[in-house]
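Reader: I'm new to this one. Can you walk me through it?

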Protein chains: 2
Amino acid sequence: MRNEVGGQRLGAGASSLEPAASVSDLSERELIGRIHARLPPAPDWMVVGVGDDAAVVEAARNRLEVLSVDALVEGVHFDRAFTPPAAIGHRALAVNVSDLAAMGASPRLALLSLAMPGTFPLQDFDQMIESLTSLAARWRMTIAGGNLTRIDGPLVLDVTVVGTVKRRQVLTRSGARPGDDLYVTGSIGAAAAGLQMLRAGNLFTAEDAPSAVETCIGRYLFPEPRIRIGTLLGRNRAATACMDLSDGLGDAVHQLAEASGIGAAIDADALPIDPDARRWFDAHGQDATDASIAGGDDYELLIAVRPRLRRRLAAAERHGDAPLTRIGSCTTGRALVVRQGGLERPLPRGFTHFR
Amino acid sequence: MRNEVGGQRLGAGASSLEPAASVSDLSERELIGRIHARLPPAPDWMVVGVGDDAAVVEAARNRLEVLSVDALVEGVHFDRAFTPPAAIGHRALAVNVSDLAAMGASPRLALLSLAMPGTFPLQDFDQMIESLTSLAARWRMTIAGGNLTRIDGPLVLDVTVVGTVKRRQVLTRSGARPGDDLYVTGSIGAAAAGLQMLRAGNLFTAEDAPSAVETCIGRYLFPEPRIRIGTLLGRNRAATACMDLSDGLGDAVHQLAEASGIGAAIDADALPIDPDARRWFDAHGQDATDASIAGGDDYELLIAVRPRLRRRLAAAERHGDAPLTRIGSCTTGRALVVRQGGLERPLPRGFTHFR
């Protein structure tokens with residue numbers, strides 16, 4: 001429990017004798033400078049970069065552009081009490097890149113819009129930016145621009161991403177047909193269990209960092225979007241439909257089925273529920289299947305595949321970054337059901353922001 | 001004072017017997033549906049539109065892409081007490097499109113990310129979206145996607161815009177040279193005066209709407225980005241540098257001069273200060289020159305022009321949407337001064353969000 005990544009401002013550091021600096025101690029220009037200093041040299045296709053009214057870029061040749069925007073709002077998408085700044089920065093970019101992966105697209109650039117309370121600690125700002133920019137570098141994405149503003153309220157990170165994909169390799173939600181098999185990448189439930197662990201008072205510590213992605217808490221805080229398998233599935237045209245699980249498997253099946261005009265039957269016993277998550281749900285009186293179906297934040301991919309293209313799927317799996325598990329199939333009609341122990345019940349949905 | 005555009009929720013309407021609906025009475029999907037219903041058919045270059053994980057578009061041929069993001073935060077950029085929802089929607093798009101105009105780019109598409117308190121009235125949501133989407137249609141922009149989320153705090157609108165421009169027609173901040181003349185479009189000071197009028201208790205009424213753009217309050221609430229003159233200046237290569245006045249003329253001159261490595265001398269008596277704004281500042285004991293230099297929200301363009309290209313500038317003005325006024329010139333050295341009545345003083349700056 002030493003070295004809490006998110007806990008320096010609680011007073012453990014050497015700087016506790018003087019008040020910690022906050023973002024309001026710096027000018028907008030100085031804050032932008034701190035971001036700029038962390039960016040690698042701009043690529044050739046960047047004609048005008050950070051510092052003008054707008055960024056100017058060359059489009060990628062013979063490719064379509066894929067655009068997405070997603071916001072992380074403190075108090076809704078994360079709680080600063082147990083989410084270290086590095087995780088906030090990581091998630092802000094990862095949740096967007098996951099949308100690109102779900103379209104079969106390769107990430108290219110991001111625009112970062114931050115609304116920060118004046119009291120936001122400068123050290124947290126630096127850690128958040130460091131995490132986000134190093135992740136961008138790992139995925140060869142360019143931070144092409146952004147916006148900084150004050151807010152009298154919670155921290156808000158709005159990230160817009162642009163990726164590219166060849167026309168014949170676009171994955172959408174709407175191509176699934178009755179008879180297609182449904183697969184999911186990796187495992188589910190871990191992020192939802194991790195969030196419960198954090199809320200129950202477990203803390204993420206610096207010592208956890210190396211193995212972070214293998215723990216439930218790590219899966220919640222530092223999701224790894226499935227870029228590699230997403231682009232492979234687009235390239236070898238194995239999938240008829242694809243989307244990510246940002247709001248949970250139940251929500252994803254609902255949306256993919258609606259967009260494709262099909263029904264779906266999910267086999268509960270086949271679900272790749274994370275073993276640690278299952279133990280946590282069991283120990284806390286929750287149905288592990290329902291909790292894993294309804295729980296969000298996994299950022300795995302849901303994929304529909306014609307049975308005759310199963311070999312292509314296997315090829316994508318061999319070269320990809322995550323195992324694939326068959327979890328059910330697409331049906332005629334519009335019913336969405338879970339099959340378990342010979343019984344059928346309606347598929348739980350998941351999270352919604354408004355009603 | 002009847003028919004206050006922003007005042008329906010104060011109880012004048014027929015629905016005052018039942019509690020007004022708020023965005024939290026609808027699902028995220030229903031809210032997205034209300035936006036979608038207002039969008040015109042998507043253009044041919046839109047391969048996948050609203051409703052998938054991301055938008056997929058064809059890039060414009062032989063053109064560079066210009067990207068910008070800007071946020072409007074309630075309590076920082078607008079006050080809901082006196083800013084009607086239609087103005088919030090208008091400004092959210094206009095302030096972004098102004099950045100495109102300053103680069104010489106034509107607007108193409110926008111992504112809209114909204115963080116809304118659950119209590120945000122549904123009627124306000126509808127008016128805000130109606131204003132934003134009709135403005136997008138007027139500028140032939142496509143709303144390509146977006147994100148809706150709840151926030152326990154102020155309303156936040158984050159808009160990302162993408163425009164296009166030919167490579168040789170890009171306008172930047174950095175091309176001004178000593179000896180260039182400085183011009184500004186339209187007039188300055190009106191938006192700052194309008195904001196003061198609103199704060200002093202003047203209200204914007206529905207009857208003001210037709211002539212809104214000609215009043216100070218209208219200039220503040222419904223700014224008109226200088227798209228036409230911006231693209232004309234890019235095309236005829238009259239300008240050596242350009243930027244918009246979002247944070248005021250003083251700030252713009254500082255930034256353009258720094259990016260270009262020059263100084264500047266502004267002639268106070270030449271400034272096209274809006275006559276109504278001047279009267280307001282005079283009547284309230286403020287120096288009209290300083291208030292108009294420091295005041296933000298005008299969304300006019302600052303333009304640097306080689307004296308020998310003055311004819312091209314005149315041609316752009318003839319076909320453009322705003323008059324141009326010469327307000328000073330670029331100088332060697334780095335001093336930024338205002339000249340008035342034979343005296344020189346440092347150029348005031350303007351607004352900054354943080355320190």
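**A covered strand**

Author: Take strand 6 of chain B, where both faces are covered. B:Val156, B:Asp158, B:Thr160, B:Val162 and B:Thr164 are buried on one side. B:Leu157, B:Val159, B:Val161, B:Gly163 and B:Val165 are buried on the other. Buried means 20 or more other C-beta atoms within 10 Å of the residue's own, with C-beta atoms placed from the backbone. Strands (E, at least two residues) and helices (H or I, at least four) are DSSP runs, numbered from the N terminus.

Reader: What kind of model is it, and how are things numbered?

Author: It is a predicted model: local features need pLDDT of at least 70, side-chain atom pairs count only at pLDDT 80 or more, and totals for chains, interfaces and linings use all residues. Residues are numbered from 1 along each chain as its sequence is written, while chains are lettered from A and ligands numbered from 1 in the order in which they are written.

Reader: Why is strand 6 of chain B largely enclosed?

Author: Because 10 of the 10 residues in strand 6 (residues 156-165) of chain B are buried.

Reader: Which strands pair with it?

Author: Strand 3 of chain B pairs with strand 6 of chain B in the antiparallel sense, over 10 bridges. There, B:Val66 has B:Gly163 as its bridge partner. Strand 4 (residues 106-116) of chain B also pairs antiparallel with strand 6 of chain B, over 9 bridges. B:Leu109 is bridged to B:Val162. Pairing takes at least two DSSP bridges between the strands.

Reader: New topic. How many residues of chain A are in contact with chain B?

Author: 60 residues of chain A are in contact with 60 of chain B. Contact means C-beta atoms, placed from the backbone, within 7 Å. Strand 3 (residues 64-73) of chain A gives the most to chain A's side, with 9 residues.

Reader: How many residues of domain 1 of chain A are in contact with domain 2?

Author: 19 residues of domain 1 of chain A are in contact with 20 of domain 2 of chain A. Helix 2 of chain A gives the most to the domain 1 side, with 10 residues.

Methods
Contact = placed C-beta atoms within 7 Å. Buried ≥ 20, exposed ≤ 12 C-beta atoms within 10 Å, placed from the backbone.
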